[in-house]
Amino acid sequence: MARGERRKLSLEEWNRKLAAVKIRKQDMNNLIMNYLVTEGFVEAAEVFMAESGTQPGVDLPAITDRMQIRKALQSGNVEDAIDRVNDLNPEILEEGHELDFHLQQQRMIELVRQGKTEEALEFAQEYLGPRGEENPQFQAELERTVALLVFPDARDSPLGDLMELSQRQKVASELNAAILSSQGQEQEPRLPLLLKMLLWAHSQLEDKLIYPHISNLATAELGHQAPDG
Amino acid sequence: MFPRVSTRSWHWQPSASNDNSRFLRISGLSVKYVGPGDTDADAACVRTTDPAESGLFYFEVDVVNKGRDGFIGIGFVSHDFDKGRLPGWEPHTFGYHGDDGKAFHNSSSGIPYGPKFGTGDRLGVMFNRAERTIAYTKNGIYLGIAFRNVQDDVLYPAVGLRTPDEEVLANFGAVPFKADVSAMKAEAAYVIEQQIRSMPLPVDKTGGSTATLGHIIFSHLAQHGHWGSAAAVARDMLGETVAVPPSTVQDFEARLRVRGAIVGGDMDGALAAAEAFQPGALAACPHLLQRVKCQKFVELVRVRDDQAALAYGKAELGSAADLGPEQAELLSDILTLLCYEDPANSPQGTLLQPAARAALADDVDAALLKARQLPQHSPLERLYCILKAMQSELEREQHPAASLVDLDRLLGLPS
């Protein structure tokens, strides 16, 4: 077949191929357990172990530190998270400038969330400004964060994304990965890797094959448009 | 993990009498120049009968004799190539030449690439289909990439000779290669792994992917009735934005009653529970219903109530013949059980094993889900199926990743 000519697989053919794949339930459970443990969702991991019999492969109490740090961040107690990280290993933040900046940024966001505008401004001047000066790469992010102060309702502003719960999750994941790295442990859980593999495989097949694409990763729905063309 | 060594038997195309290949004497995998060798018009090129196959393709060539001038070109040509030109002089051909160490592609002057080579040297050629590159080794040492952006999908190993007494001998893996091919393959695999790991995940509203992953995990836990885990994930990963609806729990438990009855050997109970879950669901699948009835027969034989089994068979199982050969065979198998003193250890004994009940329970469950138009699999399971299907398409396309990278191993799953 000449380059440029693409094979075609209809939705029916594709579904037949999917149906032929053998799924081992334990494999799926292991992927989930690996994610929960690596990301520090210890309570979910414990319940999941009890309900499914899936072994976590690590000593769950040993990862409680990471869980508590994540919980602190997720509930907005950034100082508590920072203290706990420093108790664990002060080098993590001393050496991780970007992570350190993101944590300070998150502190400011939480102050804005609580409506403590003046305190937030003082904090920005004392902590964020100097870090921005030292590291020009933080400048844009710094400006965005400080801009939160001028909106009456930051949530409903163009910068609303900073106020979202997932912003906390993002920083929590970054911190979690840094702790794992400092402990010499596997940082990347395998479940995201599965998604990356799908995206990568798609990038490799795209110019060879016309087939139903995934339209939504979270639901694994296939695009409804019939593969023609 | 690494591609099987080629089991194909490799041959040079035989010489013809009406073109420059008449200047080549081919014997097995050896090629010797026997022409006049006066000008470039006396060049002669030969390719193998079959094209490079796997995603990462490698072969080696021994320079037995550099002949008069050592105008030897080693590389790849397309299907319809010019037999009177060295590899690299024409479009769709690629060659590394011994007299000047240059790399040629659609060029008569080439570009500086590697050292010159001559008598006693062993050259290796690597075609990486994913990276679309061609690289060489000399005496086992990797020389780096000679050609990038190689657009041809079908290429044939080739050698070209130009002056008297030049002679080469090719090796396509029948004898061990001089270069450490497994190291080159490991490196290619590493490059692919890094590509995969560096794929950016689609971001949620604020640049993370926790929510996407959270939904994938949550839906899987809910699909399999792990309610407590689902609730914990909804709380810790998704900020309570999702919850398992009570109807999902009820449906799951109703299906669990069907499964429990089948696994426990109570087919009447299973039929009743299935009817309670979705009236008419099994009646709509006559083959499956017949299998449940056959299982009831088997359960009666298990407790050696042969009379009841026979009576039940007469009353309920007679329609098997109408359902096709498979059902007729199942019926004759279960009837045969009656003949044995110890049915469990008879040739049809597998019918009495727990696995038979479990398989039936799976199929009934799938039918119940279908009748309610509920998904058979969680999104996570579907994503995995899609990945495996894509992997087999990559294999079909001879993508090196298919042979070099073990996706299951990267995912920490048994291969």
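**Figure 1. Salt bridge between A:E39 and A:R70.** In this predicted model, the closest N and O atoms of A:E39 and A:R70 are 2.7 Å apart. A salt bridge is counted when a side-chain nitrogen of Lys or Arg lies within 4 Å of a carboxyl oxygen of Asp or Glu. The rule finds two salt bridges across the interface of domain 1 of chain A and domain 2 of chain A.

**Figure 2. Domain 1 and domain 2 of chain A.** Domain 1 covers 25–58 and domain 2 covers 59–183; such bounds come from an automatic or database domain assignment. Their C-alpha centres lie 28 Å apart. Contact (heavy atoms within 4.5 Å) joins 12 residues of domain 1 to 12 residues of domain 2. The two domains bury about 1,000 Å² between them, with 59% of it on carbon and sulfur atoms. Buried area is the accessible area (1.4 Å probe) that two parts lose on being put together, summed over both. On the domain 1 side, A:E39, A:V42 and A:V58 lose the most area to domain 2, together 44% of what that side buries.

**Figure 3. Interface of chain B and chain A.** Here 60 residues of chain B are in contact with 59 residues of chain A. About 5,900 Å² is buried between the chains, and carbon and sulfur atoms give 70% of this area. Five salt bridges are found across the interface by the rule. B:R235 and A:E43 meet through their side chains in a salt bridge, at 2.9 Å from N to O.

**Figure 4. The largest pocket.** The volume of this pocket is about 1,500 Å³. Of its 37 lining residues, B:A366, B:L369, B:Q376, B:H377 and B:E381 are the closest to the centre. Two or more lining residues come from each of α1 (11–19) and β4 (221–222) of chain A, and α4 (246–263), α9 (354–371) and α10 (379–396) of chain B. The largest share, eight residues, is from α9(B).

A pocket is an open set of points on a 1 Å grid over the protein atoms alone, where a 1.4 Å probe fits, with protein on both sides within 12 Å along at least five of seven lines; lining residues have an atom within 4 Å of a point. Points are joined across faces, edges and corners, and the volume is the space filled by probe spheres set on them. Helices (H or I, at least four residues) and strands (E, at least two) are DSSP runs, numbered from the N terminus.

**Notes.** Residues are numbered from 1 along each chain as its sequence is written, and chains are lettered from A and ligands numbered from 1 in the order in which they are written. Local features need pLDDT of at least 70, side-chain atom pairs count only at pLDDT 80 or more, and totals for chains, interfaces and linings use all residues, while side-chain values use heavy atoms, with hydrogens and water left out.
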